Amino acid sequence: MAPAVPPIGELTEIAPRYGYRFSNLENGRYNSDGLFIVASFSGGGTRSAALAYGVLDKLRATPILWGGQPRRLLDEIDVINSVSGGSYAAAYYGLYGDAFFSDFPSEFLHADFQTELWDQYVSFTGLSQLIGWSSNDRVDRLSQILERRLFGKQTFADLVKRRQRPLIVIHATDLNRGSDFQFTQDQFDPLCNDLSSLTISRAVAASSAVPILFGPVVMKNNSGRCGYVRPSWVERAVTEVPNPTGTQRAMRRAADFDSYLDSSESTGRPWIHLIDGGISDNLGLRGPLESSAARGGLAPLLYRLGVRGVKKVVFLVVSAEVLPDRGIDRSGQAPSTVQMASAVVDALMNNNSFETMTWLRASLNLWRSEAQELAHTVDSPYAGSPDFYLIEAHLQNIADPVERNRMMHIPTALKLEEQQVQSLISAGRALLKNSPEFQRLVSDLQ
């Protein structure tokens, strides 16, 4: 029996000028291609949302001079990638703009979402329902709570109507393949699904659907009904012979993408199951890195997005990672099931984040060389040889060891104490302010 899922519109044809894609968003008065900024917000429940809030608030308070015009550094953000807890902040900012700074603290950071979710399980009514509930019912309930208390019935069509950057890329994990899944129309095209009809609350629920606690968000795959043609980069990657020069990443990305093109009951994937984005990548960077590798570099990707005249490329990574649970090793007793599950998930996400950051740093070096080779060529998205910046706002970068230890032991939850929230917001501002790369960027922009 097919699972009961909220309806999502089908596409009858592929229209590049339709839907929520970067190429369909306008620069706006204060956003330019010349300063291209990609931000990423990690997972981590309210902890990560509060840290992201602090970083955005510092960007809002940072004046720059660019293109001969004074503006806020915040307004130059072009893309925000988000995972799990970070998606609450990114989606709210994408929908409401500057109202985020006045409303988000009371609506989410200081609110208690966790008790309401828990009450669904332990209340008299909840217990009676729980007998017949599956974990999918619980992710449905999370989506309903987010809709009622945070995002309303707004859909990706509402983000399209804003028609301004940044592009908010909410990341989930494809359960079957363990791969990154992005809530953009480019990702939905091969499924022949219309992302514009999907609610923001549903996407954020998928991004934060921690396995076991929540079931997956399920979507019907309608591929083969809209005339979608396999892109050239997928065609090239899936037909190449593996070699040691780096095409393996492109081939894997292409194979994941290609798997959506068969929706038959017998051999294909008629249903797609999405879980917490942190399982595949807790920084929201793996998908963009894989896309760059598949297309042969960052420049071809920027060119495809329609970006031109880039003088500075900035990657801003906000990470609310946690320390291992030391309580496990203070006893000879076997840890509880909850401790085991938490330790395994934390280790998986921390290890993935370490590998992703290592990959990003190596990629930046390659992209610098690529930009120099393309300088002043016709197909270059750059204006000469651009500067590259990697700004890291990680809890592990807090200088004071006592403060760092305290902050990295704040639990991954949807309810924190008010003082914890305020400390995380302050940490976000301070981490950005004290980052050498941030200081270099601001100095260059004065």
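In what follows, a helix is a DSSP run of H or I of at least four residues, and helices are numbered from the N terminus; a residue lines a pocket if it has an atom within 4 Å of a point of that pocket. The model is a predicted one. Its largest pocket has a volume of about 1300 Å³, and a search of the whole structure finds 26 salt bridges.

**Largest pocket**

- The lining of the largest pocket consists of 43 residues, and V210, L213, S342, T412 and A413 lie nearest the centre.
- Two or more lining residues come from each of the elements α1 (45-60), α2 (85-96), α4 (114-122) and α14 (337-374).
- Helix α14 gives the most to this lining, with 9 residues.
- By residue type, the lining of the largest pocket comprises 24 nonpolar, 14 polar and 5 charged residues.

**Second largest pocket**

- The second largest pocket has a volume of about 860 Å³.
- It is lined by 37 residues, with D186, R295, L301, R304 and L305 the closest to its centre.
- The lining of the second largest pocket divides into 24 nonpolar, 7 polar and 6 charged residues.

**Helix α1**

- Helix α1 has 16 residues and spans 23 Å from its first C-alpha to its last, close to the 22 Å expected at 1.5 Å a residue.
- Most of α1 is covered, since 14 of its 16 residues are buried.

**Salt bridges**

- Side chains of opposite charge can pair when their charged atoms come close.
- R21 and D186 form a salt bridge in which the closest N and O atoms are 2.7 Å apart.
- Because R21 lies in the segment before β1 (35-41) and D186 in helix α8 (residues 185-188), this pair ties together parts that are 165 residues apart in sequence.
- R21 is buried, with a relative accessible area of 5%, whereas D186 is partly exposed, with a relative accessible area of 26%.
- D33 and R165 also meet through their side chains in a salt bridge, at 2.9 Å from N to O.
- This pair links distant parts of the chain, 132 residues apart: D33 is in the segment before β1, and R165 is in the loop between α7 (156-162) and β5 (167-174).
- Both D33 and R165 are buried.
- A salt bridge between E147 and K153 has its closest N and O atoms 2.8 Å apart.
- E147 is partly exposed, with a relative accessible area of 21%, while K153 is exposed, with a relative accessible area of 65%.

- Strand β2 (residues 63-66) has I64 and W66 on its covered face, and P63 and L65 on its uncovered face.
- Strands β2 and β3 (residues 69-72) run antiparallel and are joined by 4 bridges.
- Within this pairing, I64 has R71 of β3 as its bridge partner.
- The hairpin of β2 and β3 has 2 residues between the strands, and G67 takes a positive phi near 65° in this hairpin.

Conventions. Residues numbered from 1 in each chain as written. Predicted model: local features only at pLDDT ≥ 70, side-chain atom pairs only at ≥ 80, totals over all residues. Heavy atoms only, no water. 1 Å grid on protein atoms, 1.4 Å probe; cavity = no way out; pocket = protein on both sides within 12 Å on 5 of 7 lines; lining within 4 Å. Points joined across faces, edges and corners; volume = space filled by probe spheres on them. Nonpolar A, V, L, I, M, F, W, Y, C, P; charged D, E, K, R; others polar. Expected span 1.5 Å × (residues − 1). Buried < 20%, exposed > 50% of the residue type's maximum accessible area, 1.4 Å probe, protein only. Salt bridge = Lys/Arg side-chain N within 4 Å of Asp/Glu carboxyl O. Pairing = 2+ DSSP bridges.
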